[in-house]
Each structure stands twice: as structure tokens, then as C-alpha cells.
Amino acid sequence: MSTAPFHAAPFDADRADLLSPEAVADPYPLLAALREHDPVHWSPRYRSWFLTRYDDVDAALRDVRFSSDRIAPYRRAKLDRPGADAGLRYAFGVLEEWMVFKDPPDHTRLRKLLSRGFTPRAVAGIRPRVEQLADELLDAATSSGAGTLDVVRDVAYPLTASVIAEMLGVPRRDQDDFKVWSDRITGLVFGGLADDGRHADGASGMAELTGYLADLVAAHEREPADDLLSALISARDEHDSLSHDEVVATGVLLLFAGHETTTNLIGSAVLALLRHPGQRALLDADPQRWSAAVEEVLRYDGPAKTVARVMAADVELRGRTLRRGDRVFLSPSAANRDPAVFEDPDTFDIGRRAGRQLGFGVGLHYCLGAPLARMEAAVAVPRVLARVPAQTVDEDRLRWAPVLLSRGMERLPVRLHPDP
Ligand code: HEM
């Protein structure tokens, strides 16, 4: 990955664009320039602030003045008026129920209840099933004789979707529909609040998915099973429990949160290890180092490029004023390469001391699915690499998704045999 300065000429922050083709392919030079020259950056293009220094991102993620409640104000301003699209209003209403978009005390209540159903023990119990699913997908993808494997489309994407669908209790026969709906609502969540084209498709996907889940939740209410939906239905805290609609919205959140990001982590991990054969050799020699390797991928090229917040109060930072109502993007990808915290930050080194990367966020909203994501990556990535020889990335056909919030590939084609 390039470590060259972003511009030979003086850095022009006003022209910085994380969605330019160069920054989509490799955002790190631009993030480094922002971190160095304009750490509290106002983007006229996105009408938002961008924070890139580790200390600022870490502090803002823990600061409730940087509010997570960014859906409800948008819905009230744009959709609660005559003539507004009813499908969009409904879809944003579901998003509004997600705890990731709430502040305390609503967030505290939902997180407490969800944590009771979504435990590390539940994750540990499904590891053998994840191993089996990964082997099945790899067998199917490599037995076609095609000579190439798309790590994202053939393995990471179907694996992570099947895992969360099975955990929730979605019957196998419905899982293909489930994956398609998840894909469609991605446009709604990651497309940005102004992207109306993708919003329309996302909104109808949301209506179909919640309709399906509402029936499934009702069936689980009548007849509980040993799965996550039943655990959510029965999760109780003294006098409180999740309502039917909250269980449905949480099901959508888990499907969504558990799928896209983990796909991206698996893709980035395979890519980093194929591009760094020396690090791969360390893992071949000592498989105990796999969890350190996954942690280093989260730091070096993790899926959380930015995390969005809305200012709930005016805040002064490094001589600039972030005003109440302003939108802010906090960048874990930039923070995780801050030389003030990580020595030689642009080097991929599975031997570095772990523990401080911000790839799962930090504070109140720290990723609830981190144990699941780490386990899925630690299962899938070595299995993929066991089938792929060194230096076989098809760099010309690799495609990064042009998305502000997340870092991930749409395709990662690798050849199954080295060049003759
Ligand atoms: C929250 C990243 C996988 C469920 C978050 C946040 C980040 C994140 C950065 C904090 C968002 C914020 O502060 O606004 C990731 C990454 C993943 C991953 C990089 C994969 C590599 C998962 C999985 C699940 C999950 C597998 C569950 C199935 C959640 C939930 C929250 C969350 C429920 C909201 C927590 C809260 O608001 O209290 N994730 N995540 N994530 N994640 Fe993940």
C-alpha cells in the first residue's frame, strides 16, 4: 500500500475527496494528509467535519455531545411532511429503532437487553458450524474448474450472511431472499442521507425484509427455538423486554451489521496476507498468531473507514467550532494509522502489540458483534489461503466499493494456480 505523500504540491484540504477513485482504491495517503495538515477538517463537498487524529477520534467516540441520534432528525426534517415518500418514512422509522442510532437512555436500555441474547458464549457455540459452512463454500467455488476464486462473492459474502441468518433462526430455504434484502438495504444505510436513487430500492427491500421478519418473530413467539430471535424475544431486564417491533428492527440491525462489515474484514485480511508473503509465512509457521493477525488487519485496513455523528452541542476543537446540528465523520481508518500512537503505522506487522486499534469503535457503542466478527475471520481467512498460492491477486479486476463509511471490496479475484 502506498505511503507516498498525498500531494507533491501544498495540500489543498478544500479539494480533498474520500470518494475520488484514487482515495477509494487507497484512502490512506489522503487520510494521512488530513491528519497532518487539517485534523479538524470541514469538507464543503460533504458539508461535514472529518476528524482523523487518534486522540480526537477516540475522545469523540466517547463523548455524548457527538450524538449517534442522526436518523430521527433527518426523518423529522425530510419525511414527516405531506407528499413525502411513505416507503422511505417507514424504512427510516425502522432504522430509528436501531440502538446504533440512539443516545442514552434509549441506547442503554436496548443495549442491555440485546447483550443478554447476543453473548460471547452464543458465538463460541457456532464455531464448528462456521467452519463447516466455509469448507462447503470453498469446495463449491474451487471445484468448478474455473481457475479463479472471488474471495468476496464466493466466500466472504455468502458465509457471513448464512452465519447471521442461521444464528437468528432463518430457515435455510429463505436465506437467499434474506441475503438479497440485506444487500438492498445497504444502499439505505451506507448510501448517505442524500442518495435518493438507492434509498428507493433500499426502502422497498426494508419493507419486504421487515414483513418477513415480523412473521418469523410471531412464529418464534408462539414456539420458541434455540436461536437468537428467541433469545431476543425472551431477553428481560426486571420489568422490561423488547417489543415485537423492536425485535424485528434488531433482527434487521444484526443481519445488516453482521454481514457487510465482516465480509469486508475477510476480504481485507486475505488481500493483506497475499500482498505480504513474509507475514503469511509467519502464520504458516505458527497458527497461534491468527488472532493477532486479524487484529492487525482491523488496524491496518479495517472496514470502519468512518463512523458518523451529529453534534448535540457546540464544541471547540483545535481552534475550530463544531456547531450543534453539524454532521461529523470520525475516521477509525485514519486514527489506526496515526504515527503518534502506532510506530511505523503504514507497515502491516502481525507482531505489533495489539489492543488500541479503533476498528470496532470504542465507548458506549463499541461493536457488540466483535467476538463474532473476529471468530468468522479467524475461521475463513486461513481456509481461503490454504487453497490459494502466493502472489495470485488479480489486481486489475479487484474493485473497492466507493463508500464513505466503509472500506471493503466488491470483488477480490484470485487465481488458484500461480502463473506458469
Ligand atoms: C457497532 C464495526 C461486525 C453488530 C459497531 C461500531 C463499529 C462496528 C465501528 C460502532 C458504531 C458507532 O460507534 O456508531 C464492526 C466491524 C465489524 C463488525 C468492523 C466486522 C469486522 C459486527 C457483527 C455484528 C455487529 C458481526 C453482529 C452480528 C454491531 C452492533 C453495533 C455495532 C449491534 C451497535 C452497538 C451499539 O450501538 O451499542 N460495529 N462491526 N457488528 N456492531 Fe459492529
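Which helix gives the most residues to the lining of the second largest pocket? The answer is α10, with five residues. Helices (H or I, at least four residues) and strands (E, at least two) are DSSP runs numbered from the N terminus.

The model is predicted: local features need pLDDT of at least 70 and side-chain atom pairs count only at pLDDT 80 or more, whereas totals for chains, interfaces and linings use all residues. Residues are numbered from 1 along each chain as its sequence is written, and side-chain values use heavy atoms, with hydrogens and water left out.

**Stop 1: the second largest pocket**

Select Tyr 157, Asp 183, Thr 186, Glu 260 and Glu 410, which lie nearest the centre of the second largest pocket among its 20 lining residues. A pocket here, on a 1 Å grid over the protein atoms alone, is an open set of points where a 1.4 Å probe fits, with protein on both sides within 12 Å along at least five of seven lines; lining residues have an atom within 4 Å of a point. The volume of this pocket is about 520 Å³, taken as the space filled by probe spheres set on grid points that are joined across faces, edges and corners. Next, display α9 (151–168), α10 (175–190), α11 (196–222), α14 (260–275) and β12 (409–411), each of which supplies at least two lining residues. Coloured by class, the lining shows seven nonpolar, six polar and seven charged residues (nonpolar: Ala, Val, Leu, Ile, Met, Phe, Trp, Tyr, Cys and Pro; charged: Asp, Glu, Lys and Arg; polar: the others, Gly among them).

**Stop 2: aromatic rings**

Rings of Phe, Tyr and Trp (its six-membered ring) pair if their centres lie within 6.5 Å; planes under 30 degrees apart count as stacked, over 60 as edge-to-face and the rest as tilted. By this rule there are ten aromatic pairs. Select Tyr 54 and Phe 342: their ring centres are 6.0 Å apart and their planes stand at 70°, so the pair is edge-to-face. Tyr 54 belongs to helix α3 (residues 54–61) and Phe 342 to the loop between α17 (332–335) and α18 (370–387), 288 residues apart. Both residues are buried (under 20% relative accessible area; exposed is over 50% and partly exposed in between, with a 1.4 Å probe and protein chains only). Then select Tyr 46, Phe 50 and Phe 329, which ring pairs link into a cluster.

Move to Arg 337, whose charged end sits over the ring of Tyr 28, 3.6 Å from its centre. Arg 337 also lies over the face of Tyr 300, at 4.3 Å from the ring centre. The criterion is NZ of Lys or CZ of Arg within 6 Å of the ring centre and within 35 degrees of the ring normal.

**Stop 3: Val 57**

Return to helix α3 and select Val 57, which is buried, with a relative accessible area of 0%. Beyond its neighbours within four places in sequence, Val 57 has contacts (heavy atoms within 4.5 Å) that include Leu 330, Pro 332 and Leu 358.

**Stop 4: the backbone**

Most residues other than glycine have a negative phi, and most peptide bonds are trans. Select Pro 104 and Pro 105: the peptide bond between them is cis, with omega near 5°. Pro 105 is in the loop between α5 (86–96) and α6 (106–117). Finally, select Arg 318, which is not a glycine but has a positive phi of about 50°. Arg 318 lies in the loop between β8 (315–317) and β9 (320–322) and is partly exposed, at 45% relative accessible area.
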